[in-house]
Amino acid sequence: MDNVRIDKWLWAARFFKTRSLAADAVETGKVKLDGERIKPARAVRVGDKLHIDNGTDAWEVEVLGISDKRGGAPVARLLYQESAASVARRAAEHERRKLFHEPGADIKGRPTKRDRRQLGHFRDE
């Protein structure tokens, strides 16, 4: 297998849960190849450098393997290598999120009356 569509590869490498989410991310410019926007049908090749942002995390990876089949996490990890700068940035972001918990992060959907009171309490302090 020489090449595969970028959306299939992102799904197989477990960056996105579904292929349609991967295709949407590529369409909206959250996945870039060498700093440039691409289309979901673009073929990914070994050695390509990708910047991937799935909303919660951002990776800078180099493609090491090609696959269009989704396997387990240990198998998917063999498809790419993350840069050292990307690993350090994600660790710092994780530490920041752990130390500073945003008040509205636990609220799902529309806040209840109790949730609004608690948010007001944080603003008053």
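Reply: Contact here means heavy atoms within 4.5 Å. The model is predicted.

Me: Which residues does Val46 touch, not counting residues up to four places away in sequence?
Reply: Val46 lies in the loop between strand S4 (43-44) and strand S5 (49-53). Contact requires heavy atoms within 4.5 Å. With residues up to four places away in sequence not counted, Val46 touches Val63, Leu64, Gly65 and Ile66.

Me: Is Val46 buried or exposed?
Reply: A residue counts as exposed over 50% relative accessible area. Val46 has 56% relative accessibility, so Val46 is exposed.

Me: How many Å apart in space are Val46 and Arg14, C-alpha to C-alpha?
Reply: Arg14 is placed in the loop between H1 and helix H2 (19-27), while Val46 is found in the loop between strand S4 (43-44) and strand S5 (49-53). In sequence, the two are 32 residues apart; in space, C-alpha to C-alpha, the separation is 17 Å.

Me: What is the phi of Arg14?
Reply: Arg14 is partly exposed, with a relative accessible area of 40%. Its phi is positive, in a residue other than glycine, and is near 70 degrees.

Me: What is the phi of Asp34, and where does Asp34 lie?
Reply: Asp34 is placed in the loop between strand S2 (31-33) and strand S3 (36-37). Its relative accessible area is 56%, and Asp34 is therefore exposed. Although Asp34 is not a glycine, its phi is positive, at about 50 degrees.

Me: Is Asp7 buried or exposed?
Reply: Asp7 is in helix H1 (residues 6-12). Buried means under 20% relative accessible area. The relative accessibility of Asp7 is 2%, so Asp7 is buried.

Me: Which residues are in contact with Asp7, leaving aside its neighbours within four places in sequence?
Reply: Asp7 is a residue of helix H1 (residues 6-12). Leaving aside neighbours within four places in sequence, the contacts of Asp7 are Arg19, Ala22, Ala23 and Pro40.

Me: Which residue meets the side chain of Asp7 in a salt bridge?
Reply: The structure holds ten salt bridges. In one of them, the N to O distance is 3.1 Å.

Me: What is the N to O distance in the salt bridge of Asp68 and Lys69?
Reply: Asp68 has a relative accessible area of 23% and is partly exposed, whereas Lys69 is exposed at 63%. A salt bridge requires the nitrogen within 4 Å of the oxygen. The side chains of Asp68 and Lys69 meet at 3.9 Å.

Me: Which residues are linked with Arg96 in a network of salt bridges?
Reply: Arg96 and Glu93 both lie in helix H4, three residues apart, about one turn of the helix. Their side chains form a salt bridge of 2.7 Å, N to O. Arg96 is partly exposed at 39%, and Glu93 is partly exposed at 29%. The network links Arg96 with Asp57, Glu93 and Arg97.

Me: Which residues form a positive surface patch?
Reply: One member is found in the loop between helix H4 (84-99) and helix H5 (113-124). This residue, Arg110, has 77% relative accessibility and so counts as exposed. The patch is formed by Arg110, Lys113, Arg116 and Arg117.

Terms used:
Residues are numbered from 1 along each chain as its sequence is written. This is a predicted model: local features need pLDDT of at least 70, side-chain atom pairs count only at pLDDT 80 or more; totals for chains, interfaces and linings use all residues. Side-chain values use heavy atoms; hydrogens and water are left out. Helices (H or I, at least four residues) and strands (E, at least two) are DSSP runs, numbered from the N terminus. Buried means under 20% relative accessible area, exposed over 50%, partly exposed in between (1.4 Å probe, protein chains only). Patches are made of residues with over 30% relative accessible area and no salt bridge: like charges are joined within 9 Å, nonpolar side chains (Val, Leu, Ile, Met, Phe, Trp, Tyr) within 5 Å. Accessible areas come from the Shrake-Rupley method with a 1.4 Å probe; for residues, only the protein chains shown count as cover. Lys and Arg count as positive and Asp and Glu as negative; His and the chain ends are not counted. The place of a charge is taken as NZ of Lys, CZ of Arg, CG of Asp or CD of Glu.
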